[in-house]
Amino acid sequence: MSKLEKTLTPRLIKKLWLAFTLIILLMGASYIVITGYFADKHNQATAQRVNAEIANHLIEEKFQGTSPFLEDGTVNKSLFGDLMHDMMAVNRSIEVYLLDNKGEILYSVVLDHSENAPAKTVSLSPIKTFIETKGQQYILGDDPRNPGTEKIFSAAPYKADGRDGYVYIILAGEKFQLASNNLFGQYFGKLGLGATVLTMLFAAIIAMLSIWFLTKNLRLITRTIKRFQEGDLEARIEYPEKSDIEVFAHTFNDMADTIVGNIDKMKSVDSLRRELIANVSHDLRTPLAILKGYVETLQIKRDSLSEKEKEEYLQITHDNIDKLSKLINQLFEYSKLEAEQVAPIKEPFSITELSHDLIAKFQVIADQKQVELQMENPEKNSMVFADLSLVERALQNLIENAIKYTESGGKVTLSIKRQDKNIEINITDTGTGIPISEQPFIFDRYKQVDKSAKKQHGYGLGLAIVKKIMDLHDTTITVLSKPKEGSSFIFNLPAY
């Protein structure tokens, strides 16, 4: 099996060879027909040009001193017959006709012996053109013995006994045509065989070169695809813009990039999944261990514990149950967002009123931690077009995070500003800030960051949920933060 057949399918090779074979046969047949047609025309034109003056010579030599008509006006058949027999004795393919000035045939020896119904008139138009051009132009005239067909001829005008007309000589009569057909058939056979063999030989060479050239880039793409299939993920078609099939080359390269990107993404997702499971397991295990410890303590020492201690243990148990419940809710919420099971229901609403409600909701928590919680530009009512519940969830997560990472005496500010066709929402705190090296990862789900930076709390799923909500609204969220200088989370919603 050749290299070409190894890199391309046999079906494609067969189709290409079949197409070229048909083209070769068509070319050979067309060559034979066209060559034969023009060769025949050339032979006829040559014969007519050589014998153009034969009618004039006949009139000059045979009609001098002797009239072709008798006293009663009829054709002198004896004289005319001898004349034509002499002419035809020299060339039996010649047929001589005597015409009047209207083109009617007055006499011809060949018509007396014709088996077919001869024509009675001959068109004078080609005869006059022949005489005007002195036989230097290839012209066909009527064949009286075969009405409806045309042949080469010679013609000349005559005048005798007050009458005029034309001597009309067919230069390729029936016998000439029969011999010509026989010879032409033999010639065609030899020409056809030789031309076909030569044409097929050269065409086969051209076909091989053409198939090689046409499939060169296709073979390159096929080999590159096989390399990619065998695991060489870096395999690409070099210089695709120079390829004869540039579109396919670019398409393959783009497809390969997409596949590699998807593989990398899957690897990243798998790595994040394992990290998520590890972190979630840790966060679940800690409150569960605390719950178990305090519940066991209450069971074992319930008679020896004071009411104050019991109340304290129960409060710790309650707080850890809240943490577990919150974490489980976040996991459930994030899984729905990631599976694209949540479709935003957008509507116009007042982001200012929503912010006032959330500030009031978190005011108690902020007061307990001695963190100042306030709004900027509260007097302006800003309307946005978005999903109310999803935006509320995002703001809750951001405000809660801001309060969590702000020390006592610090401040958390929620500001709302109009920016062209958008409303900018900015949640700023004066907390511990986020290390610059960790900022690109804080929106990843449970991305592990430096323990000292997050103070053992972890960024959790809250910010990952915020990022998904922003994606659903076709917007982005930006973080601006410096260690020990606080953080700002900024996003935009379309104004209504």
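**Sheet, helices and side-chain pairs in the predicted model**

Of the 496 residues that make up the protein chain, 39% count as buried in this structure, which is a predicted model. Its secondary structure amounts to 14 helices and twelve strands. The chain exposes about 29,500 Å², of which carbon and sulfur atoms supply 56%. Among contacts with a sequence separation of 6 or more, 68% are made by residues 24 or more positions apart.

An open sheet of five strands, arranged in the order 2-1-5-4-3, shows antiparallel pairing.

Strand 5 (residues 163-170) is mostly covered, six of its eight residues being buried. Towards strand 1 (residues 95-100), strand 5 is joined by six bridges in an antiparallel arrangement, and within this pairing Leu99 has Tyr166 of strand 5 as its bridge partner. Towards strand 4 (residues 150-160), strand 5 pairs over eight bridges, again in the antiparallel sense. Here Tyr158 has Gly165 of strand 5 as bridge partner, while the partner of Ala156 in strand 5 is Val167. Strand 4 and strand 5 form a hairpin with two residues between the strands, in which Asp161 takes a positive phi near 55°.

With residues up to four places away in sequence left out, Leu124 touches Asn101, Lys102, Gly103 and Tyr166. The C-alpha atoms of Leu124 and Tyr166 are separated by 9.2 Å, although the two residues lie 42 residues apart along the chain. Leu124 counts as buried because its relative accessibility is 14%, the cut-off for this class being under 20%.

The count of salt bridges comes to three. In one of them, Glu95 pairs with Arg145, with the closest N and O atoms 3.1 Å apart. Glu95 belongs to strand 1 and Arg145 to the loop between strand 3 and strand 4, so this pair ties together parts that are 50 residues apart in sequence. Both Glu95 and Arg145 are buried. A salt bridge also links the side chains of Asp143 and Lys151, at 3.1 Å from N to O. Asp143 is buried, with a relative accessible area of 2%, and Lys151, at 9% relative accessibility, counts as buried as well. A further salt bridge, with an N to O distance of 3.1 Å, is formed by the side chains of Lys467 and Asp471. Because Lys467 and Asp471 are four residues apart in helix 14 (residues 462-472), about one helical turn separates them. Lys467 is partly exposed, with a relative accessible area of 30%, and Asp471 is likewise partly exposed, at 37%.

Helix 7 (residues 174-214) includes Phe202, which counts as exposed at 51% relative accessibility. Phe202 belongs to a nonpolar patch on the surface, formed together with Leu198, Leu201, Ile205, Ile206 and Leu209, and these residues have about 620 Å² of accessible area together. Met208 is also found in helix 7 and is exposed, its relative accessible area being 53%. The C-alpha atoms of Met208 and Leu16 are separated by 9.8 Å, while the two residues are 192 residues apart along the chain.

In helix 9 (residues 246-301), Asn253 counts as buried, with a relative accessibility of 10%. Apart from residues up to four places away in sequence, Asn253 touches Arg236, Ile237 and Pro240.

Note on methods: Residues are numbered from 1 along each chain as its sequence is written. This is a predicted model: local features need pLDDT of at least 70, side-chain atom pairs count only at pLDDT 80 or more; totals for chains, interfaces and linings use all residues. Side-chain values use heavy atoms; hydrogens and water are left out. Patches are made of residues with over 30% relative accessible area and no salt bridge: like charges are joined within 9 Å, nonpolar side chains (Val, Leu, Ile, Met, Phe, Trp, Tyr) within 5 Å. Accessible areas come from the Shrake-Rupley method with a 1.4 Å probe; for residues, only the protein chains shown count as cover. A salt bridge is a side-chain nitrogen of Lys or Arg within 4 Å of a carboxyl oxygen of Asp or Glu. Buried means under 20% relative accessible area, exposed over 50%, partly exposed in between (1.4 Å probe, protein chains only). Two strands pair if DSSP finds at least two bridges between them. Contact means heavy atoms within 4.5 Å.
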